[in-house]
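Me: I have a chain open here and want to talk through how it is put together. Can we go over it piece by piece?
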Amino acid sequence: MHRILQTTVAVLCAGLCATGAYAQKNTSNKARSADSAPAASSYGNRPEAEAFVREVAERRHIDEAWLRASIKQARFNATVQRLMTPRTGPAGVKNWRGYRSRFVEPIRIRAGLRFWNENAATLARAEQTYGVPAEYIVGIIGVETIYGQQMGNFTVVDALATLAFDYPASHPRAADRAKYFRGELEQFLATAYLTDSNPFDTVGSYAGAMGMPQFMPTSWSNYAVDFDGDGKINLFGSTADAIGSVANYFVAHGWQRGMPAYYDVQVNSTPAQLETLLAPDIKPSFSAAEMAALGLRIQAPGDQHNGPLALIELPNASAATQYVVGTPNFYTITRYNLSSFYAMSVVELGQTIARARSGAPAAADSEPSAPDPSSETSNSPTAEAAAKAYLRSKARQQRTPDPANFSAP
């Protein structure tokens with residue numbers, strides 16, 4: 001029986017004590033200091049931070065002095081704030097093939113093939129347990145961190161505090177996003193307190209996501225599982241725990257066993273029909289029969305699909321737009337990241353690696369691979385520019401262009 005990590009003290013201690021809360025030590029204090037603005041280097045004197053301390057201490061039954069000391073040590077990170085600042089000016093042209101080339105590329109394919117081969121038994125067990133095929137799990141971990149190679153080097157508590165108390169005011173939903181990150185900061189600190197761990201020993205992404213699958217603190221608490229059966233949950237060092245946790249996350253968000261993520265389709269719709277089909281965006285809203293009546297010819301067996309479907313639009317800049325029909329399982333993948341481009345990249349990376357394992361030739365890709373910003377340390381000027389360009393590119397390709405949705409459910 002695989003235990004799901006809950007927010008009770010007993011399970012938190014069993015699952016996380018041995019791994020030091022979320023578990024990875026930041027050895028770059030110099031880099032941390034370089035990104036801290038002197039005027040906002042400590043949150044100890046901020047009224048909103050003090051209100052947070054009192055409220056969380058009472059609600060979570062956490063020692064108020066410990067919580068206040070932790071918040072006082074948390075530092076503003078200018079890079080985190082810059083990466084979350086919305087871009088001004090033209091949104092640019094959506095380009096699915098260009099986006100795809102960042103993820104379905106030789107480095108990730110080779111790493112994914114090795115990851116799948118080394119963890120084949122665990123992936124098969126996850127599929128049997130949760131009903132999630134290996135290719136989707138392999139796709140997620142590959143897109144997120146290149147199978148653990150790039151898990152981030154931002155101090156998580158600094159990133160979360162920055163976004164909780166200094167979320168960019170220019171964002172159209174700044175108040176809502178700051179509230180979301182206050183909840184994540186609360187969960188992160190509560191876990192550290194209950195496990196007697198140092199919250200400043202953990203590093204992750206600029207948004208506070210952690211480990212191979214890049215789980216936010218609440219996702220770790222709600223969906224992470226001890227899939228290797230060693231009595232603790234470690235998404236940094238245990239590939240089995242990462243595999244099982246991704247599969248469990250999918251199931252918790254509606255994954256249906258035996259259902260493909262999408263079907264191929266031929267679009268013969270009029271402009272008015274196409275507008276109707278695309279209005280719900282990625283949310284499955286039409287039956288196969290309703291889609292047929294609106295000019296779609298769905299490839300078998302999708303034409304007999306029982307349940308709602310969505311027409312997924314994949315623009316290619318000046319080239320022809322591609323379309324697929326997304327199932328509820330495609331929608332489940334977007335619960336990881338609110339982007340059809342992201343979900344399709346996960347699917348195609350997994351499929352490409354599956355073909356490589358079987359000896360089948362890889363699908364042709366005419367687009368050159370774009371540089372991966374994760375190849376630089378996240379605190380260098382080059383990495384910041386690359387990461388910001390990458391972030392903006394991802395945002396342009398979403399109907400809801402919110403950088404804070406990346407890896408945050």
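Reply: A definition to begin with: a charge sits over a ring if NZ of Lys or CZ of Arg is within 6 Å of the ring centre and within 35 degrees of the ring normal. R177 lies over the face of Y180, at 4.7 Å from the ring centre. Keep in mind that this is a predicted model.

Me: Which ring does the charged end of R125 sit over?
Reply: The ring of F227, with the charged end 3.9 Å from the ring centre.

Me: And ring against ring, how many aromatic pairs are there in the whole structure?
Reply: The search finds 17. Ring pairs also link residues into a cluster made of W96, Y99, F103 and F341.

Me: Back up a bit. How many helices and strands does the chain have?
Reply: There are 18 helices and six strands. The chain has 409 residues, and 53% of them count as buried.

Me: What about the surface, how much of it belongs to carbon and sulfur atoms?
Reply: 52% of an accessible surface of about 17000 Å². As for contacts in the chain with a separation of 6 or more, 76% are between residues 24 or more positions apart.

Me: On to the sheet. In what order do the four strands come?
Reply: The order is β4-β3-β6-β5, in an open sheet with antiparallel pairing. β4 (296-298) and β5 are the edge strands, each with a single partner, so one side of each has no neighbour in the sheet. On average, neighbouring strands here are turned by 35° against each other, direction ignored.

Me: Is β5 mostly covered or mostly open, then?
Reply: Mostly covered: β5 spans residues 310-316, and six of its seven residues are buried. Helix α14 (residues 271-278) lies across β3 (262-267), β4, β5 and β6, and runs at about 110° to β5. Helix α17 (residues 340-358) lies across β3, β5 and β6, at about 90° to β5.

Me: How many bridges join β5 to β6?
Reply: Six, and the two strands run antiparallel, with β6 covering residues 319-326. L314 stands opposite Q322 in β6, and I312 has V324 as its bridge partner.

Me: Which loop holds Y147?
Reply: The loop between α9 (134-145) and β1 (154-155). Phi of Y147 is near 60°, a positive value. Y147 is buried, because its relative accessible area is 11% and the cut-off for buried is under 20%.

Me: And D281, buried or partly exposed?
Reply: D281 counts as partly exposed, at 23% relative accessibility. Phi of D281 is near 60°, also a positive value, and D281 is found in the loop between α14 and α15 (288-293).

Me: Last one. Is the peptide bond from A300 to P301 cis or trans?
Reply: Cis, with omega near 5°. P301 lies in the loop between β4 and β5. In general, most peptide bonds are trans.

Conventions:
Residues numbered from 1 in each chain as written. Predicted model: local features only at pLDDT ≥ 70, side-chain atom pairs only at ≥ 80, totals over all residues. Heavy atoms only, no water. Buried < 20%, exposed > 50% of the residue type's maximum accessible area, 1.4 Å probe, protein only. Pairing = 2+ DSSP bridges. Phe/Tyr/Trp six-rings, centres within 6.5 Å; stacked < 30°, edge-to-face > 60°. Contact = heavy atoms within 4.5 Å. Areas by Shrake-Rupley, 256 points an atom, 1.4 Å probe, with all protein chains shown as cover. Axes fitted to C-alpha atoms, helices over the stretch in contact; angles between N-to-C directions.
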